[in-house]
Amino acid sequence: MDKKTQTALFEYLLRLGDDHLVLGHRLSEWCGHAPILEEDLALANISLDLIGQAEALLQLAGEVEGENRSEDDLAYFRDEYEFRNLHMVEQPRGDFAQTIARQFLFDAMAWHLYDQLQTSTYQPLAAIATKVFKETTYHLRHSRAWIHRLGDGTAESHERLQNAINEYWTFTGELFFTNEVDQILMEQGIAPDLKQIQDKWRTMTTAELEKGTLVVPEDGYMASGARLGRHSEHLGHMLAEMQILARSHPGATW
Amino acid sequence: MSDEKKEQEKSGQTEWPLWEVFVQPKFGAPHEHAGSVHAPDAEMALQNGRDVYSRRGEAISLWVVPAVSITATTLEDKGPFFDPANDKVYLHPSFYKVPRGVRNL
């Protein structure tokens, strides 16, 4: 692998891994707080899936980088501006409708993305994608069911979910951000074309939101910059909590 | 919103229905009762059953059944339903010699 591809692939794997790590952490904040016991377990399970996926993706990122950094080094010893996750996943967990809106919009993208990544020409990534795709299929089934249930539920659940969808819509433009990193990897069949995934994502989200009697928002202002390390104020606070143990006791084991 | 749901909302009913969960551990084995979950509909009941009773790989198939659909005997039925069997030894297949080497009988 030439140097240019290596650098691009490291950057790309950070995007994937950081999305899953940060979203997994945000979901874990529901543990003990979900509306009902069954949902508490469901969200904790999905959170653990995401953190496991982040572990695999960041481990691979470290190998590609070749600087001897482990997945833990990347998760716990990078600062905010070095994270490549989307704005969407770093937002505070909000109420249950906000959590479901975010999860559904993300799952619908991830499901199409990892479906394609299963045929990546970079074999280690294709192998991870096969596992991620299977788990994401379940996550999507879960978040989609709640979109239907809350959207076509009571007046209050409908209003809350519609507001949450409107709010999170401003973060969806970034789901399909591409730059030269994607270009380099696409040319070699390592990463798929996000433009095509965007079309499929839009078809799916439109159909499911309408099934939940929700209105698909107009595309207006869209958040940007997080893929380049420009984050909202929320990520720093989250990382402080997530990283403090590892940084206070480097190399600790239990 | 469907009429049924409007009715539910008006009545202030906030507790979700109870579903009984049955887990099949492997092909050919019977579905066994694992416990119950609350859920607003059948799909959610399946998902909740999956998360509560099969997340450590205990199942290859799940059934969920609305608890109200199950007809059960009552405690008062216990005597008339089950006691007579106790003094009828001929109902038990204990008068045969089991050939050596036969297991699982």
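Biologist: What volume does the second largest pocket have?

Modeller: About 620 Å³. Bear in mind that this is a predicted model.

Biologist: Which residues are closest to the centre of that pocket?

Modeller: Asp72(A), Tyr76(A), Met242(A), Ala246(A) and Trp254(A), out of 22 lining residues.

Biologist: And which elements give two or more residues to the lining of the second largest pocket?

Modeller: Helix 1, helix 2 (37–65), helix 3 (71–76) and helix 10 (233–248), which belong to chain A. Helix 3 of chain A has the largest share of the lining, with five residues.

Biologist: How do the residues of that lining divide into nonpolar, polar and charged?

Modeller: The lining of the second largest pocket has twelve nonpolar, five polar and five charged residues.

Biologist: Which residues line the largest cavity closest to its centre?

Modeller: There are 16 lining residues, and Leu16(A), Asp19(A), Leu113(A), Leu194(A) and Arg227(A) are the closest to the centre. Helix 1 (3–28) and helix 5 (96–117) of chain A are the elements that each give two or more residues to this lining.

Biologist: How many residues of that lining are charged?

Modeller: Five are charged, alongside ten nonpolar and one polar.

Biologist: Still in chain A: is Glu135(A) buried or exposed?

Modeller: Glu135(A) counts as buried, because its relative accessibility is 18% and the cut-off for buried is under 20%. The residue sits in helix 6 (residues 123–151) of chain A.

Biologist: What is Glu135(A) in contact with, leaving aside neighbours within four places in sequence?

Modeller: Asp49(A) and Gln53(A).

Biologist: Over to chain B. In what order do the three strands of the open sheet stand?

Modeller: The order is 2-1-3, with antiparallel pairing. From one strand to the next, the twist averages 30°.

Biologist: Why is one side of strand 2 and of strand 3 of chain B left without a neighbour in the sheet?

Modeller: Strand 2 (32–38) and strand 3 (61–66) of chain B are at the edges and have a single partner strand each, so one side of each has no neighbour in the sheet.

Biologist: How many bridges join strand 1 to strand 2 of chain B?

Modeller: Six, with strand 1 covering residues 18–24. Glu20(B) is opposite Ser36(B) of strand 2.

Biologist: Which helix packs on the sheet?

Modeller: Helix 2 (residues 42–53) of chain B, which touches strand 1, strand 2 and strand 3 of chain B. The direction of helix 2 makes about 115° with that of strand 2 of chain B.

Key
Residues numbered from 1 in each chain as written. Chains lettered and ligands numbered in written order. Predicted model: local features only at pLDDT ≥ 70, side-chain atom pairs only at ≥ 80, totals over all residues. Heavy atoms only, no water. 1 Å grid on protein atoms, 1.4 Å probe; cavity = no way out; pocket = protein on both sides within 12 Å on 5 of 7 lines; lining within 4 Å. Helix = DSSP H or I, 4+ residues; strand = E, 2+ residues; numbered from the N terminus. Nonpolar A, V, L, I, M, F, W, Y, C, P; charged D, E, K, R; others polar. Pairing = 2+ DSSP bridges. Axes fitted to C-alpha atoms, helices over the stretch in contact; angles between N-to-C directions. Contact = heavy atoms within 4.5 Å. Buried < 20%, exposed > 50% of the residue type's maximum accessible area, 1.4 Å probe, protein only. Points joined across faces, edges and corners; volume = space filled by probe spheres on them.
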